[in-house]
Number of protein chains: 2
Amino acid sequence: MDEEWIKTTDKKIINLIRLTRKNTLDYINKDINVSTKTTRKDLVTNVDKSNEQFLVNNIREIDPKSKILGEEGFGDNVNSMSGHVWIIDPIDGTMNFVKEKNHFAIMLALYIDGKGILGYILDVMQNKLYHGIFGKVYENDKEIFSPKNISLNNGLMGMSAPLLINDYDNMQSIAHKSSGVRIYGSAGIQFISVIKGELIGYISHLKPWDIAAGKVMCDSLGITVTTIDGNALDMVSSETVLIATKIAHKEILDLVK
Amino acid sequence: MDEEWIKTTDKKIINLIRLTRKNTLDYINKDINVSTKTTRKDLVTNVDKSNEQFLVNNIREIDPKSKILGEEGFGDNVNSMSGHVWIIDPIDGTMNFVKEKNHFAIMLALYIDGKGILGYILDVMQNKLYHGIFGKVYENDKEIFSPKNISLNNGLMGMSAPLLINDYDNMQSIAHKSSGVRIYGSAGIQFISVIKGELIGYISHLKPWDIAAGKVMCDSLGITVTTIDGNALDMVSSETVLIATKIAHKEILDLVK
């Protein structure tokens with residue numbers, strides 16, 4: 001692993017994300033063009049597409065031999081994590097972007113041979129970039145340290161509404177044992193809350209681009225990220241994902257089984 | 001109604017809320033002293049108490065003949081809304097205050113003979129004061145206008161987790177018909193989202209101090225606030241409260257019945 005290359009690339013990516021934010025804000029008060037994908041609650045906009053195209057084009061220049069996995073399909077068809085793999089979520093929380101114009105994120109990560117190397121989650125409206133590199137995590141320029149290793153009954157859990165309503169994997173019991181449930185509607189925003197220690201965990205059915213950036217930072221902060229069965233993520237499949245402080249992670253696995 | 005008195009009082013209250021914020025921030029990184037009230041999820045801290053005491057003492061000077069209804073009991077025993085009634089929530093979202101140090105509010109309202117005259121919700125960590133007076137609503141100094149009158153299937157609904165999990169009043173069906181559910185854990189923060197048009201509504205079991213300030217602003221913005229049965233609030237009882245845009249309010253009442 002070439003440390004100099006990673007440092008230089010990191011600077012380029014931070015600049016690239018700032019430019020993508022600018023594009024997003026330029027669009028936000030004009031007409032956003034919304035279409036549905038798989039269901040009426042699964043949205044895509046012209047901004048998701050334009051951001052992803054912009055990110056893919058720039059990453060092709062920054063790291064020409066890499067593969068790129070992007071939510072909107074402008075990247076490559078990625079089936080394995082070998083070599084350099086960039087994972088992009090051009091707008092995470094598109095429903096929030098459309099309805100709230102708040103609480104959405106731009107996410108980006110670099111994995112090399114399956115190992116998370118760089119991770120970025122930008123809370124666009126707060127203009128806060130959460131950023132992982134060389135085992136450290138930053139909120140803009142300020143280092144963030146590991147959150148307390150808190151048990152389930154002492155912490156707030158992030159969840160997705162469908163899991164909670166349908167009580168998949170004993171979700172209501174997990175909610176009940178926790179100090180309370182929070183639902184923000186964006187994996188990126190929920191990851192940020194876990195990274196900052198506001199929530200002790202998060203459970204949701206997620207795609208690789210929802211997980212990739214947050215996982216890099218969680219790994220550095222001692223926050224466990226697995227499937228809801230406690231298995232390692234392969235980073236190319238959709239999974240119900242359990243993110244939690246070590247103690248809570250173990251307690252939740254016991255409740256799921 | 002003496003307009004000059006209201007204007008002068010408004011300036012004093014804004015100043016008072018800013019001072020209360022300062023007190024809160026002074027405490028936040030020292031040891032917060034937490035106790036439980038009715039259940040392990042119903043918290044009170046030394047900061048709730050100290051803020052309420054401070055607010056009550058100052059309101060006694062600003063408006064000596066008024067009655068004061070405060071969450072922590074430093075005010076009066078208020079059974080009717082006749083005359084001047086101040087309603088105080090010294091920390092709304094105490095669980096968030098304790099666990100997240102984020103997403104909590106200070107709320108204050110003045111009702112005169114049952115009519116909402118002044119309303120204030122301070123998002124403490126964002127330092128944004130939402131503020132209603134003379135039929136107008138402001139975010140700090142910037143006027144906020146009525147959100148779009150959106151139907152349930154086009155908007156995000158705020159809810160409390162217990163109502164959703166237990167499916168009270170057909171809550172899961174309401175969630176399903178909406179564009180999605182958001183749970184923030186603070187009535188004040190949820191009210192702000194409705195006032196800004198990020199959410200089209202909010203349903204929760206609330207006390208007078210959770211409702212009073214937000215209702216003043218909702219009334220000015222054409223957002224309907226009633227009990228979940230569609231009845232007027234008496235402002236001295238605990239109720240399951242339905243706050244929503246006019247169209248969504250009607251649609252939700254049909255689902256509840």
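The model is predicted, so local features need pLDDT of at least 70 and side-chain atom pairs pLDDT 80 or more, while totals for chains, interfaces and linings use all residues. Residues are numbered from 1 along each chain as its sequence is written, chains are lettered from A and ligands numbered from 1 in the order written, and side-chain values use heavy atoms, without hydrogens or water.

Display the neighbours of Thr36(B) next. Leaving aside residues up to four places away in sequence, Thr36(B) touches Asp42(B) and Leu43(B); contact means heavy atoms within 4.5 Å. Val85(B) is 49 residues from Thr36(B) in sequence and 28 Å from it in space, C-alpha to C-alpha.

Now select helix α1 (residues 3–28) and helix α2 (residues 46–62) of chain B, which pack at about 155° with their axes 10 Å apart. Axes are lines fitted to C-alpha atoms over the stretch in contact, and angles run from 0 to 180 degrees between N-to-C directions. The residues that meet include Trp5(B) and Leu16(B) in α1(B) and Phe54(B) and Leu55(B) in α2(B).

Finally, show both chains. A rotation of 180° with 0.0 Å of shift along its axis superposes chain A on chain B (RMSD 0.0 Å), by least squares on C-alpha atoms of residues with pLDDT of at least 70 in both. The two copies are thus related as by a two-fold rotation axis. In chain A, the C-alpha nearest the axis belongs to Ile183(A), 2.3 Å from it.

Terms used: Helix = DSSP H or I, 4+ residues; strand = E, 2+ residues; numbered from the N terminus.
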